[in-house]
Amino acid sequence: MTEQSTPRPAGRTPRRHRALAAALAVALITAGGMLAVQPANAAATTYYIDSVNGSDSAAGTSPTSAWKSLAPVNAHTFTAGDSILLARGGSWTGQLAPQGSGTATAPITISAYGSGARPHLSGATLPGGGTVQLQNQSWWTIQNLDVANNSGTDNFGDPTAGTPRSGILVRNTVSNTLQRGIVIRDNVVSDVNGCFNCDGLDAHDNGGIVVDTTQLGANFDGVLIESNTVHDVGRTGIVVWDASYFTTDMTVPVQSALTSNVRIRGNTVVNPDSDGILAFGTDGAVLENNVVRGAGQRTIVPTDDNKSWVMPASAGLWPTRGMNTLVQFNEVSGTQTHTTDGQGFDVDMGSTNTRVQYNYSHDNEGGFILLMGGFSSDVVVRDNLSVNDGWGGVKGIFTFSWGVPGPVKIYNNTVYIPSGSTAKPIYCDGDAGACAPSTPGQWSFVNNIIDNHGTGEYTYPGLGTNATFASNVFSGNHPASEPADATKITAAPQFVAAGTTGNGFAVADAYKLTSSSPAISNGQVVSPNGLRDFFGNALSTTAAPSRGFHEAASPAVAPALFDPANDWSISTARSANVMLDTTAPASNMAGDASRIKRSNDQPGWVRWDAAPGKVVTLSTYYFNQQPSAFTIVALDASGNATTVPFTYSAATATTNNWVKRTITSSALPAGTRAVEVRFGLVSSWGVQIGDITIG
């Protein structure tokens, strides 16, 4: 995130605050790896804690013999399948830090029992850390709690570094270990006075709900954070933070070093001091169906160059230092800028293969999205709605910084800029030469609707051959800096109810195209297109689409998707060891000049967008191998996986002892949004994929 001096408008005052294949390979909590073995004859036990009627001298194993305080809980080592239940209506001060680990089939659960208000846990007396804290433990579920952590003193961290504080904290501190199966569900976390300038820890890594490792070689596999409400916390609302994302160079994330199987979904974050939701050092994270409102409530503005690292910046929801991130179906609003940033969404440094799709962004002072170049690459921003973003007038609806994280594809988004706004529709902030005509990184801006009734200018990077503008709607006001686009439309798009704003996805209906819109069925075909629009309408892979996020002329049945495996423009993601092979004799592959294979003998995968009922057909080639080398997996919108059966043809000999077979899957199941074809532990050069059809 970058820095630039930004005045705050009058009347706006801050308030108080491993592979994506692995990530989508199996259902979250049962994802791969060795599972802990439950001791023979071990019986799961439920323990009860009652702050009013309990006794620490009691057995703790029934409501009538409940423990009273947290002390006996923290002194006990729990085993697979155990439950720790706190009485509703009860209240405790201190830290809940039970010991032990569960298993994949029998996690340990912290929850509530009885009736009344959620059990309340306050960390007010703690010197730091989390009110609920687990360290180097696997297979835990934390749910149904009310958690706070406010020391009552100013802990913001300027001029003296503050102390990291969190509501719920799960930490891995052991090198070369994998911590698994963490579920944090349906909790309320509030009133955490975390630090903005922290002593000994990056300040992003404290706040409401934190899952972290700062130890090189330590990772998580399987983190589910869902349906929590987090409000009035500092610094970050929800964060998964893996600082072990690299091996030798901090600017280069290494896929095998990343935390995997991360899902952050269905949460509501309101008024965090800084960022709303952050994924740092993850592979295949899915951030979906979250609501973030009012991020960036407080900040520290550095007073000298020695404090420039404090970074007085905030964004609503963003990934960084990771790969294969999916950001979808989120609503982010009211993010404040302070001296820099303030976007609803951000694809930050070190992000590779990030998809930002089907989101609703509105009233964010710094704009809809920040795209950080530098060490990032391959970003798709498609089918999103932005209303009244960038009203601060300093950043853009779309802002580039530190170069272009090319290739960048921005297409089929709808943007509404109201009268009186000074928002810049597209902006380049100039850091590291980002706006120079010679800026590396190809990017395209296609099929978007910019209904601009404001006065902001365009400033964009990569003039000439680096930038492509095609088939956009530029309506309303037309500043001289508006991009040249030979196929643009300048007439009004004719929305159902232009100017509608407010909270909730229902607002999006106001920006559907009416039947007389000039933007219907005359856009440019873009691949991959996700096979659906914002509203779930099917998209054609061959016919001209509507412009913007609403497909007003959806085909009755989406046609087949075909990938000749000549490049990576049609597939949406792949493991690090997957490559194209154009060197082997084409005669071995029945004349197919380009195929997909692996660079080593480890498992690998490729993913494509897909839809229910479709059938996957693969041309495959083998040298002393069998079709069992492949697995086909359907993925739903949340990345949950279902193995799909397939049949295969008899082997047809080619040359040099190679054979060809055609693999045909069963129909993809209901709920399918993507499909992966996976290579098993077989010879990297002896198994290859030719063309792929999904239809």
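A disulfide is defined here as a pair of cysteine sulfur atoms within 2.5 Å. By this rule the count is 1 disulfide, and the bond links cysteine 195 to cysteine 198 at an S to S distance of 1.9 Å. The structure is a predicted model, in which local features need pLDDT of at least 70 and side-chain atom pairs count only at pLDDT 80 or more, while totals for chains, interfaces and linings use all residues. Residues are numbered from 1 along each chain as its sequence is written, and side-chain values use heavy atoms, with hydrogens and water left out.

The link of cysteine 195 and cysteine 198 is right-handed, with 105° about the S-S bond. Cysteine 195 is buried, at a relative accessible area of 1% (buried: under 20%; exposed: over 50%; partly exposed: in between; 1.4 Å probe, protein chains only). Cysteine 198 is also buried, at 8%.

Glutamine 133 lies in strand β8, residues 129-135 (strands are DSSP runs of E, at least two residues, numbered from the N terminus). Glutamine 133 is buried, with a relative accessible area of 15%. Beyond its neighbours within four places in sequence, the contacts of glutamine 133 are Gln95, Leu96, Ala97, Pro98 and Leu169 (contact: heavy atoms within 4.5 Å).

An open sheet of 5 strands runs in the order β44-β47-β54-β49-β50 with antiparallel pairing (two strands pair if DSSP finds at least two bridges between them). At its edges stand β44 (573-574) and β50 (641-644), each with a single partner strand, so one side of each has no neighbour in the sheet. Strands β47 (604-609) and β54 (674-679) pair over 6 bridges; tryptophan 608 has valine 675 of β54 as its bridge partner.

Definitions and conventions:
Helix = DSSP H or I, 4+ residues; strand = E, 2+ residues; numbered from the N terminus.
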